[in-house]
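This report goes through the features of one protein chain that can be read from its coordinates. Please keep the sequence and the structure at hand while reading.

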Amino acid sequence: MSKKKKKEKVEINWKTAYDLWQERKNIKRLETKTPIDELIGGGIEEGEVVEFYGEFGVGKSQISFTLATRVAGELGEDVVFIDCESTFKPERIIEIAKARGLDPEKTLQKIHLIQPISADEQMEAIDQIPKNIKPKLIVVDGVTTLFRAEYIGRENLAERQGLLRQFLKKLLTYVRTNKIYGVVTNQVYGNPESSPFLPLELRELAVGGHSLYHAIDNRIFIRKAQHGTRIARLVDSSRYPPAERPFVITEKGIESKQEE
Ligand code: GTP
Ligand code: MG
């Protein structure tokens, strides 16, 4: 007998562009209430993963803390925070919550934290989200860090990229199936084909490269500007035009830069 299983018929659902337009009208967004909203059509869409990438100290974790506080403290929804660099600071959440007039303890209670110390642990994190936790937001701060630390050198690159893709697929599936919001942060590396004439976002590339691009809907590059200002730039979006917005890091987390 042939071992080949009989191929099941795959159902395909057709719709008109009008139907899609109607469906998209009902899509909910997480307004971050930060300048980031202006880059991505008003906020993060349900089922969407947004990436923030940039050099160390640029404010990626501060963005993560601000969004976690907004969802946990202001919206009262559960947040899953996968802290791959073990830099999560409850004290900072308390500061941001207080500055925004929110209850700091209630905010902390809604943030469910895992601090994986290996790529294996990170890989398991999404599968093992407890059933009683129904997150509205998942943050993965430092999504490539553990993979990068464990799979060093060119000879391990293919395996690293494969595992990273697998992790992102899990994340994306969870975010899409549960109609929630996803945020990842990522480090950069110097583009070996760089030249001083290239803009900074082409001189500093996100770690993981193409492995990430397929899973992530909007990618935002963060760079430092003068006097502590940060610039967020939407890079290569299929949906929105390239644009930049400045922001500052304050006791409220991240917020608009006040005009001088
Ligand atoms: P890596 O994780 O190292 O790649 O960096 P990152 O991009 O996550 O940077 P992070 O979000 O940790 O930002 C660090 C910057 O945020 C510091 O340079 C400070 O300027 C600012 N910052 C950190 N904590 C506070 C704080 O409590 N209050 C204020 N106002 N700013 C802070
Ligand atoms: Mg960080």
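The model is predicted.

Helix α2 covers residues 60-74 and has 15 residues. From its first C-alpha to its last it reaches 20 Å, close to the 21 Å expected at 1.5 Å a residue. Of these 15 residues, 13 are buried, so α2 is largely enclosed by the rest of the structure. Just after α2 comes G76, with a positive phi of about 70°.

Helix α7 runs over residues 157-177, which makes 21 residues. Its reach from first to last C-alpha is 30 Å, close to the expected 30 Å. The buried residues of α7 include R160, Q161, L163, L164 and F167. Also buried in α7 are L168, L171, L172, Y174 and V175. K179 follows α7 and has a positive phi, near 50°.

## The largest pocket

Rolling a probe the size of a water molecule over the atoms shows where empty space is left. The largest pocket found in this model has a volume of about 250 Å³. Its lining is made by 13 residues. G57, K60, S61, E85 and T87 are the lining residues that lie nearest the centre of the pocket. Helix α2 gives the most to this lining, with four residues.

## Salt bridges

The whole structure holds 15 salt bridges.

| Salt bridge | Closest N and O atoms |
|---|---|
| K15 and E23 | 3.0 Å |
| R239 and E48 | 2.6 Å |
| E95 and R92 | 2.6 Å |

In the pair of K15 and E23, K15 counts as partly exposed at 46% relative accessibility, and E23 counts as partly exposed at 41%.

R239 forms a salt bridge with E48. This pair links distant parts of the chain, 191 residues apart. R239 sits in the loop between β11 (230-235) and β12 (244-250), while E48 belongs to strand β3 (residues 48-53). How accessible are the two partners? R239 is partly exposed at 32% relative accessibility, whereas E48 is buried, with a relative accessible area of 2%.

E95 and R92 both lie in helix α3 (residues 90-99). Because they are three residues apart in this helix, about one helical turn separates them. E95 is partly exposed, at 38% relative accessibility, and R92 is buried, with a relative accessible area of 13%. Elsewhere, salt bridges that share partners join R24, R29, E45, E48, D217 and R239 into one network.

## A nonpolar surface patch

V10, I12 and W14 make a nonpolar surface patch of about 460 Å². V10 is placed in the segment before α1 (17-25). This residue counts as exposed because its relative accessible area is 62%, and the cut-off for exposed is over 50%.

## Positive phi angles

Most residues other than glycine have a negative phi, and most peptide bonds are trans. Which residues other than glycine have a positive phi here? K33 is one of them, with a phi near 60°. Its place is in the loop between β1 (29-30) and β2 (44-45). H227 is also not a glycine, yet has a positive phi of about 55°. H227 lies in the loop between β10 (218-224) and β11 and is exposed, with a relative accessible area of 80%.

## Two loop positions

Q115 is found in the loop between β5 (111-114) and α5 (119-125). Its relative accessible area of 36% makes Q115 partly exposed. Along the chain, Q115 and F81 are 34 residues apart, and their C-alpha atoms are separated by 8.4 Å.

G208 lies in the loop between β9 (204-206) and α9 (210-213). Is G208 buried or exposed? G208 is buried, with a relative accessible area of 5%. In sequence, G208 and S118 are 90 residues apart, and in space they are 17 Å apart, C-alpha to C-alpha.

How values were computed. Residues are numbered from 1 along each chain as its sequence is written. Chains are lettered from A and ligands numbered from 1 in the order in which they are written. This is a predicted model: local features need pLDDT of at least 70, side-chain atom pairs count only at pLDDT 80 or more; totals for chains, interfaces and linings use all residues. Side-chain values use heavy atoms; hydrogens and water are left out. Patches are made of residues with over 30% relative accessible area and no salt bridge: like charges are joined within 9 Å, nonpolar side chains (Val, Leu, Ile, Met, Phe, Trp, Tyr) within 5 Å. Accessible areas come from the Shrake-Rupley method with a 1.4 Å probe; for residues, only the protein chains shown count as cover. A salt bridge is a side-chain nitrogen of Lys or Arg within 4 Å of a carboxyl oxygen of Asp or Glu. Buried means under 20% relative accessible area, exposed over 50%, partly exposed in between (1.4 Å probe, protein chains only). The expected span of a helix is 1.5 Å times one less than its number of residues. On a 1 Å grid over the protein atoms alone, a cavity is a set of points where a 1.4 Å probe fits but cannot get out, and a pocket is an open set with protein on both sides within 12 Å along at least five of seven lines; lining residues have an atom within 4 Å of a point. Grid points are joined across faces, edges and corners, and a volume is the space filled by probe spheres set on the points.
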